[in-house]
Amino acid sequence: MSACKILDMRIMEFKLTRRRFLIGSLAAAVGIAVDMSIIEPRWLSLARVDVALPGGRLARPITILHISDLHASLHVPIAFIRRAIELGIAQEPDLACITGDMISGRIPDRQDYVDSLSLLSAACPCFACVGNHDGGRWAGRRGGHKDLREIRRLMEDSGITLLFNRSELVTIGETAVELVGLGDLWARDAHPELALMGETPQATRIVLSHNPDSKELVKDYAWDLMLCGHTHGGQISLPFLGAPLVPVRDRRYVYGLNQWQDRLIYTTSGVGNAKGLRLNCRPEIAILTLS
Ligand SMILES: [Fe+2]
């Protein structure tokens, strides 16, 4: 074979390899785009977490349905949120806690949303704290609600108790649980001196706080477990690099059950999302079994 022919064959092979590489890269890019915008944002998971609380104040194990960051919006349809709520109710929790970002500005189908949330409050006692998107200084500056009137009305119409810098005592069987709701950290509405004043020593104290960074604010108060959202679990998690955009200072509490000093913090990846995207970070509801 002549040298010219060999060179021609090599060029042809190179062109074929390059074409295959380009087609493969394009297919991978389309696959990732479909996954992060269509598949993963609706690929709901159920996290089951055992939480061993020190102190031994529980008469029996209690189960908490922890839901967060619903972000009802054009990106997160009410039908999807309803599916998450129905999955949570099917686990027959003793109580339900929502840790903020119920809305992202205007609610697209308010009555549908109220009907869905009402399913939850009809199934078990249900408590919520606010997130940065629910209203206040932070949301107001970004086109959202300047105050909490809308979220207060939504919770009231849905039969959910909104805890804004205050607490409530619930009794589950023989066990007393004090639920404390903090205002949002970014809205500069978190006031632990109001929320955590007084104490019921025999009760297990659970703080609902949207942003896990707010743990620093409540470090001098007594509590057992803090439930948080806000991070969306990272929302976009890249292989080897992890989540590049996480809206917290302390990245140790982006997801899952973690110890902090002698207490525990659970951060959920949440049900909804921002901008309709998720990658390597599925939406979830969590069932926490406290023992
Ligand atoms: Fe959020």
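This section describes the domains, sheets and helix packing of a predicted model. Local features need pLDDT of at least 70, side-chain atom pairs count only at pLDDT 80 or more, and totals for chains, interfaces and linings use all residues. Residues are numbered from 1 along each chain as its sequence is written, and side-chain values use heavy atoms, with hydrogens and water left out.

The protein chain divides into domain 1 (1-42) and domain 2 (46-290). These bounds come from an automatic or database domain assignment. The domain centres, taken over C-alpha atoms, lie 45 Å apart. Seven residues from domain 1 and 14 residues from domain 2 make the contact, where contact means heavy atoms within 4.5 Å. The size of an interface is often given as the accessible area lost when the parts come together. Here the two domains bury about 840 Å² between them; buried area is the accessible area (1.4 Å probe) lost by two parts on being put together, summed over both. Carbon and sulfur atoms carry 54% of that area. On the domain 1 side, Met36, Glu40 and Arg42 supply 73% of the area buried against domain 2, more than any other three residues.

Two sheets were examined. Helices (H or I, at least four residues) and strands (E, at least two) are DSSP runs, numbered from the N terminus. Two strands pair if DSSP finds at least two bridges between them. β5 pairs with β4 (residues 126-129) in the parallel sense over two bridges. Phe127 has Thr161 of β5 as its bridge partner.

Another open sheet of six strands runs β6-β7-β8-β9-β11-β10, again with mixed pairing. β6 (166-172) and β10 (256-260) stand at its edges, each with a single partner strand, so one side of each is left without a neighbour in the sheet. The twist averages 25° from one strand to the next. Strands β7 (residues 175-181) and β8 (residues 204-208) run parallel, joined by five bridges. Glu178 has Arg205 in β8 as its bridge partner.

Two packed helices are described by the angle between their axes and the distance between the axes. Axes are lines fitted to C-alpha atoms, for helices over the stretch in contact, and angles run from 0 to 180 degrees between N-to-C directions. Angles under 35 degrees count as roughly parallel, over 145 as roughly antiparallel, 65 to 115 as roughly perpendicular and the rest as oblique.

The axes of α2 (residues 78-90) and α3 come within 9 Å and cross at roughly 5°. The two helices are therefore roughly parallel. Residues in the contact include Ile81, Ile85 and Ile89 of α2 and Leu117 and Leu120 of α3. By class, nine are nonpolar, one is polar and four are charged. Nonpolar covers Ala, Val, Leu, Ile, Met, Phe, Trp, Tyr, Cys and Pro; charged covers Asp, Glu, Lys and Arg; the others, Gly among them, are polar.

Helix α3 (residues 110-123) also packs with α5 (residues 149-157), at about 50° and with axes 8 Å apart. This pair is therefore oblique. Arg110, Tyr113, Val114, Leu117 and Ser118 of α3 meet Glu150, Arg153, Leu154, Met155 and Asp157 of α5. That contact has five nonpolar, one polar and four charged residues.
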